[in-house]
Each structure stands twice: as structure tokens, then as C-alpha cells.
Amino acid sequence: MARKVKDVFINLPVKDLQKSVDFFSALGFGFNDEMTDENASCMIIGDHMYVMLLVEPFFQKFTKKQLTDSAASTEVIVAISADSKAEVDEMVEKAIEAGGAVSNDKMDDEYMYGWSFQDLDGHLWEVVYMPES
């Protein structure tokens with residue numbers, strides 16, 4: 001039997017926690033106040049799926065490696081699903097309006113529709129819609 005985990009936490013370093021919270025709030029995401037303080041904020045992206053936004057000095061305590069400059073380098077792309085093409089466009093457009101930037105051109109083929117953005121710290125987010133058929 002394949003292993004299954006109960007919860008998923010993605011940890012991302014951010015330069016300015018409040019600006020990041022404001023950015024993702026503008027995209028419609030909520031936050032768990034019980035897991036939020038001056039060093040971190042727990043963004044809820046789905047049932048049992050969370051993104052921990054950690055200020056860089058606090059994030060650094062969890063690794064011996066040097067932090068990547070996410071504005072210049074890519075280590076990970078966070079891919080999230082949407083329920084329609086319109087929802088993909090809406091989320092990326094909101095990201096741009098909130099201070100983010102387009103990452104790649106829209107992708108539209110028979111299997112998937114997607115568009116991507118960079119958040120305020122340069123982390124890459126891919127928003128995709130995959131029709132069930």
C-alpha cells in the first residue's frame with residue numbers, strides 16, 4: 001500500500017511577511033491565526049494543504065543550506081488547481097494587480113489550461129485547470 005500523509009505543509013521564505021499575507025489575501029486565500037505570529041503565517045490552500053510563509057531569518061533556522069534568491073533562481077514551482085479556465089485567469093490577474101508578475105505565457109491544450117505568476121518574493125506559482133474528461 002502506498003504511503004499517504006495527513007497534511008501537506010509547503011514552507012516558503014519571504015522578505016516581508018505582512019506584504020506576503022496581503023498579496024495572498026488579495027488572491028482569496030485565508031490564514032490560520034493560531035499558526036501565525038511575527039515570524040510565520042499559515043496560508044490555507046486546501047483541505048489539509050498549507051503554505052507556511054516564513055520570514056527569511058526564521059526560515060534559515062530550519063536549514064543549513066544558503067537560501068536561494070528566488071527572484072533570480074528557481075528551486076520549486078508550486079502548482080495549484082482551479083475549477084475553470086476563467087478561475088485560472090482570475091487568480092493570475094489578481095496576482096498581477098497585487099504586485100506579482102506573470103511567469104510564463106498561458107498554456108492551452110486538450111489536457112490542461114494553465115498560466116503562472118511570480119509572487120512578491122519571486123516564487124513561481126502555476127495555476128492549472130484540467131477538465132475531467
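First, the ground rules. Residues are numbered from 1 along each chain as its sequence is written, and side-chain values use heavy atoms, with hydrogens and water left out. As the model is a prediction, local features need pLDDT of at least 70 and side-chain atom pairs count only at pLDDT 80 or more, while totals for chains, interfaces and linings use all residues.

I start with the nonpolar cores. A nonpolar core here is a set of buried Ala, Val, Leu, Ile, Met, Phe, Trp, Tyr and Cys residues joined through side-chain atoms within 4.5 Å. Buried means under 20% relative accessible area, exposed means over 50%, and partly exposed is in between, with a 1.4 Å probe and protein chains only. The largest core holds 25 residues, and F24, L27, L53, F117, W125 and V127 have the most contacts inside it. Two or more residues each come from β1 (8–14), α1 (17–26), β4, β5 (77–81), α3 (85–97), β7 (113–118) and β8 (124–129). For these labels, helices (H or I, at least four residues) and strands (E, at least two) are DSSP runs, numbered from the N terminus. Another core lies apart from that one; it has six residues, among them Y50, M52, L54 and F59.

Now some individual residues. Contact means heavy atoms within 4.5 Å. What does F24 touch, not counting residues up to four places away in sequence? The list is F29, F31, M43, L53, D119 and W125.

F29 sits in the loop between α1 and β2 (30–32). F29 counts as buried because its relative accessibility is 14%. Leaving aside neighbours within four places in sequence, F29 is in contact with F24, M43, I44, I45, I80 and M91.

I45 belongs to strand β3. Its relative accessible area is 22%, so I45 is partly exposed. With residues up to four places away in sequence not counted, I45 touches F29, Y50 and V51. I45 and G28 are 17 residues apart along the chain, and their C-alpha atoms are separated by 9.6 Å.

I10 is in strand β1. At 26% relative accessibility, I10 is also classed as partly exposed. Not counting residues up to four places away in sequence, I10 touches Y50, V51, M52 and V78. The C-alpha atoms of I10 and M43 are separated by 9.6 Å, with the two residues 33 apart along the chain.

Next, charges. A salt bridge is a side-chain nitrogen of Lys or Arg within 4 Å of a carboxyl oxygen of Asp or Glu. How many salt bridges does the structure hold? There are four, and I will go through some of them.

K85 pairs with D108, the closest N and O atoms being 3.4 Å apart. This pair links distant parts of the chain, K85 in helix α3 and D108 in strand β6 (residues 101–108), 23 residues apart. K85 is partly exposed, at 37% relative accessibility.

D89 forms a salt bridge with K106, and here the closest N and O atoms are 3.6 Å apart. Again distant parts of the chain are linked: D89 is in helix α3 and K106 in strand β6, 17 residues apart. D89 is buried, with a relative accessible area of 16%, whereas K106 is partly exposed at 44%.

The pair K94 and E90 has its closest N and O atoms 3.1 Å apart. K94 and E90 are separated by about one helical turn because they are four residues apart in helix α3. K94 is partly exposed, at 29%, and E90 is partly exposed, at 40%.

On to the pocket. On a 1 Å grid over the protein atoms alone, a pocket is an open set of points where a 1.4 Å probe fits, with protein on both sides within 12 Å along at least five of seven lines; lining residues have an atom within 4 Å of a point. The largest pocket has about 330 Å³ of space. Among its 18 lining residues, P13, F59, T68, E75 and V76 are the closest to its centre. Strand β1 gives the largest share of the lining, four residues.

Last, the backbone. Phi of H48 is near 65°, a positive value in a residue other than glycine. Most residues other than glycine have a negative phi. H48 lies in the loop between β3 (40–46) and β4 (49–55), and is partly exposed at 43% relative accessibility.

Terms used
Points joined across faces, edges and corners; volume = space filled by probe spheres on them.
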